Amino acid sequence: MRAAAFAGRLRALREARGLDRKVLGELCGLSPCAVGRYERGDRTPDITTAMALAEFLEVSLDTLCGFGDGDGTGGGKNLRG
């Protein structure tokens with residue numbers, strides 16, 4: 001996971017949906033502090049949490065983690081070469 005990309009995209013997606021950290025946390029079973037740590041890049045979520053965030057925010061996990069082009073499709077990148 002690209003921690004800096006994840007942090008920036010999480011914040012941007014949350015703000016684009018008009019949510020504050022508390023609401024996003026409540027909807028995904030996280031504390032507002034945990035959401036803040038993810039957005040600052042202080043911590044990275046486990047795969048289950050990252051998947052829940054991506055599902056709630058309606059983007060692919062690739063996009064949330066910084067591998068896509070931001071449109072939710074993963075950008076068509078082949079990471080295997």
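This is a predicted model: local features need pLDDT of at least 70, side-chain atom pairs count only at pLDDT 80 or more; totals for chains, interfaces and linings use all residues.
Which pattern does the chain follow, read along the sequence? I started there and read off α-α-α-α-α. I counted five helices and zero strands in the chain, taking both as DSSP runs numbered from the N terminus (helices H or I, at least four residues; strands E, at least two).

Residues are numbered from 1 along each chain as its sequence is written, and side-chain values use heavy atoms, with hydrogens and water left out.

Next I looked up burial. Buried residues make up 35% of the 81 residues; buried means under 20% relative accessible area, exposed over 50%, and partly exposed in between (1.4 Å probe, protein chains only).

Then I turned to Thr 63, which sits in helix α5 (residues 61–64). Why does Thr 63 count as buried? Its relative accessibility is 2%. I also found its side chain in a polar contact with the side chain of Ser 60, at 2.9 Å. Such a contact is a pair of N or O atoms within 3.5 Å; within protein, one must be able to donate a hydrogen and the other to accept it, and residues adjacent in sequence count only if both atoms are side-chain atoms.

Glu 58 lies in the loop between α4 (47–57) and α5, and has a positive phi of about 60° although it is not a glycine. I noted Glu 58 as exposed, because its relative accessible area is 66%.

Last, I checked Val 23: helix α2 (residues 21–28) holds it, and Val 23 is partly exposed at 30% relative accessible area.
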